[in-house]
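Here's a quick briefing to read alongside the sequence and the 3D view. Take a look at the structure, then come back for the notes.

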Amino acid sequence: MTERDDAVPTGPPASAPDPPPAGPPPQTRRGLRGRPSTRDRPPTRDRPLDRSAGSAPAQPSPRHRAGSPRAAADAVPARRALLLVVAVLGLLAVLRAPAMVHAGEGMRPGLTRTLLLGAARPVERVTHLVRLDTPDRWLTRAFGHRTAPHGGASELATAASHAATGRTGTTGAPAAPLTPLRRPTAADPLRVLVTGDSLTESLGPTITNTAPDTVRAQTETRFGTGLVRPDFFDWAAHARVQVAERDPELVIVAMGGNDGQGITLADGTVLPAGSAEWAAEYQRRAGVVMRIWTADGARRLLWLSLPPARSDRLNGYFRQLNAATEAAAAGVSGASYLDLAPWLSKDGAYSDYLTGADGQAVLARSHDGVHLALDGARIAAAHVIDNIRSTWRLG
Amino acid sequence: MIFPTIEFAAFFVVVMATSWLLMPRPALWKPFILPASYFFYGFADARFVLLIVASTLINQAAAWAIHRFRDRRILAAAIACDLGLLGWFKYYGFFALSVDRALTDAGLPAPLPLLQVALPIGISFFTFQALSYVIDVHRGITPPAPLLDFAVYEAFFPHLVAGPIVRASEFLPQLATPRDPARVPTTRAAFLILGGLIKKVVLADVIASRLVDPVFDAPGQHSSTEIGVAIYGYAVQIYCDFSAYSDIAIGIALLLGFRFPDNFDRPYAARSLQEFWRRWHMTLSRWLRDYVYLPLGGSRRGRRRTHLNLMITMTLGGLWHGASWTFVLWGALHGAALVTERRLRARRTGRTATARPAQMPLPRAERAADVPAQPNVPAIDSGTEASSTAPTSRAVGLATAPAPAAAGTAARVAGPVRGWAARLAVFHFVCATWVLFRAPDLDTAGRLFARLFTAGGPAPLVTPSVVAAIAVGLTTAAVPQHWWTRAQARFTQMSLGPQIALLTMAMMVIYAVVGQQDVAPFIYFRF
């Protein structure tokens, strides 16, 4: 046994690939049917394939090693392999049609989404009728997850619709008196929930890490969500769950990054993104969800502005969404709006790099031109915490 | 496009069917698989397809020029081009900001504009493959391939985004002849893909979302117990996440008739750090060995130079993972630990390291394989020039494959107790350094280590399900080999119907475990 001298990290010996062709390549023309004539194929060429076992032939891992008759038995014609793949994926598409629809609903508008939903929705309707979605629902419940009711309408859309038509509901309730603020202490800190879409991913933990010990902040991020697509994720229903389970005194919301898209109303009317009707509907929906979080003044809510986006088109939407949420917050007892643009922009315009607290340049934005990088989140968090300090008169 | 998505499933069904239909006609298959791979790559952002096309053309031109003129300057220019692309896209922002800060501190104006350069996904992987190609052509290991072959090699979609880093000498010969449509190793592919999904969706994502992310995001609000378990959890998460991607990539390639090298071999069972690096991200390790460490001189230029070479190689390996000081420190710590380990070993054996022939011990899997001996192939002696100029995959493989005596020094000298102590020590060192890998900055890493020993209190995040996921992730390394063999044999014996039913049921259970939650991106996508 010889100790290796080269202490550098080394992988195992690399594979020995197929030997170079010793003659003209075997021109099997059977394609998927497989079974080329063994006369056409030099035996040496087959050996590595037999030995490969899912990896390079000279370095099979314990799991994939073959080099035995069993390995040869494992090899099947391409047609059968394809049949297996197609059958499994096809069955999954049928048995998990609701999940397929859900995935499609979460996609950005475009050809992929249209094609997927165009195929998945009819499949879902049929599978629901003949109860083929039962096994998946049963499995989902068995693992402790909630199953979405089939075809249920979101409170977000219905309450906003009532508000639009002047009917009272969650949105139209008269402003209630604010619950007086208590004085949080280190022993009994202020319970803060930072929630929203992926904008909270870096911001929430940064608020948690930089807050004084009189504040205890938790973060719940729901990626790819917003207020325009309650069919994909229902923030109204989820806000009720959050309030019931977490009982926050202050809810900090950063949301809207995915909402630069049209809103489809319950009656099928589509409000194009950027239109005045779209902005008005967004304001109504924001009002609905704000009222759920604040319980009409029992809790406080701080809605953070969307930071400027690199894309001009998106930035235009963000300005409209900011105006809508600011207006919505003004009409909800306990809700307020914090405009972070002065600190997250250069003279109001998007900038990747900003000036940090120490006066040095910091990378404030992520590659996508929407999200905050860690240092950008620190800038935002500092002003959020200033707001909390002044509101709750924290030391 | 990422693997566990509906888009990829649809893409793969079409590609697999068309690929096998066209396979007997390489003149049609190659022009098909190349745009298919570009489609896969450009699905999220089509602009970057131009980058991979440019990389292909530049490196192919360089390879032919190197082959024809045998001029090192052409090689140097090609390497500079590749590293320049990588440096611009991956490191410019980090470099410019670091310079800006240093000069601002000194009261000087910053000379570099601060730009946010978009990071093309997979650039580290395809650049490394291209580098290995031109260097191997220069070394005479690989002849220049036809442009279409090289383009397919660089862009072949199963390995394009996050490896394994496949060498030209491993892949190009597979393009020389059509893959055999009569012998598709479906069982192995199915086990790899299914196992990968379990590791990713059931283990890695659960551990991440329920424990690791909350703790690493806000260490100040978590107790020592939570932090300690989260550190173990991250070790399991990153292994399950990355090895899952590799397994799925290897399985998908198998379904198309191609073989990739393995990328992991039970890394947490390693009894030395050296052994760990032969079991973790193996295709990167061997790349660094052959194209960084050995050209630097390996261990042939004395003890101090060897140590320096190790430090350089590992620090660069750290930087490869990301433009951040945490990765640099992570790599440097591994380098320093490898140096320390090497010195301890030399002291223990009472001989200087350079006095011994440098023969690589086989990975465990390799030893177990009944690879026929190659008595005519000499062991690689790191003291010879040949090892740095011709570290071919084949030469290395042949040199090491037959070494039955290299069954692990640790086992011989250690005995079971010492062996387990070594395993635990290596595992804990690796876990501790993973903190740097995961933490967003050095301050957070420092806070985690400080609170690891000082923060009492309850540990509500350490739930039975999280602990079970961590335990399962760790014990996958202990599953006896014959269990896998037997399971695969049983699956192979089944007829098509039960195979379909079993796989469908398994997939449904996997996705039911996570519920309606999106699969998180693979960790190694950002590298």
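**Two helices side by side**

In chain B, Ala190(B), Leu194(B), Leu197(B), Ile198(B), Val201(B), Val202(B) and Asp205(B) of H9(B) meet Leu503(B), Ala506(B), Ile510(B), Val513(B) and Val514(B) of H22(B) (a contact means C-beta atoms, placed from the backbone, within 7 Å). This is a predicted model, where local features need pLDDT of at least 70, side-chain atom pairs count only at pLDDT 80 or more, and totals for chains, interfaces and linings use all residues. Residues are numbered from 1 along each chain as its sequence is written, while chains are lettered from A and ligands numbered from 1 in the order in which they are written.

*The H9–H22 pair*
- The contact of H9(B) with H22(B) involves 11 nonpolar residues, no polar ones and 1 charged (nonpolar is Ala, Val, Leu, Ile, Met, Phe, Trp, Tyr, Cys and Pro; charged is Asp, Glu, Lys and Arg; the others, Gly among them, are polar).
- Helix H9 (residues 186–217) of chain B packs against helix H22 (residues 496–514) of chain B at an angle of about 15°, their axes 9 Å apart (axes are lines fitted to C-alpha atoms over the stretch in contact, and angles run from 0 to 180 degrees between N-to-C directions).
- So H9(B) and H22(B) are roughly parallel (angles under 35 degrees).

*Chain B overall*
- Chain B has 22 helices and 1 strand (DSSP runs: helices H or I, at least four residues; strands E, at least two; numbered from the N terminus).

*Confidence*
- Chain B averages a pLDDT of 81, and 85% of the residues score at least 70 (pLDDT is the predictor's confidence in each residue, from 0 to 100).
- The predictor gives the complex an ipTM of 0.77 and a pTM of 0.76.

Definitions and conventions:
Parallel < 35°, antiparallel > 145°, perpendicular 65-115°, else oblique.
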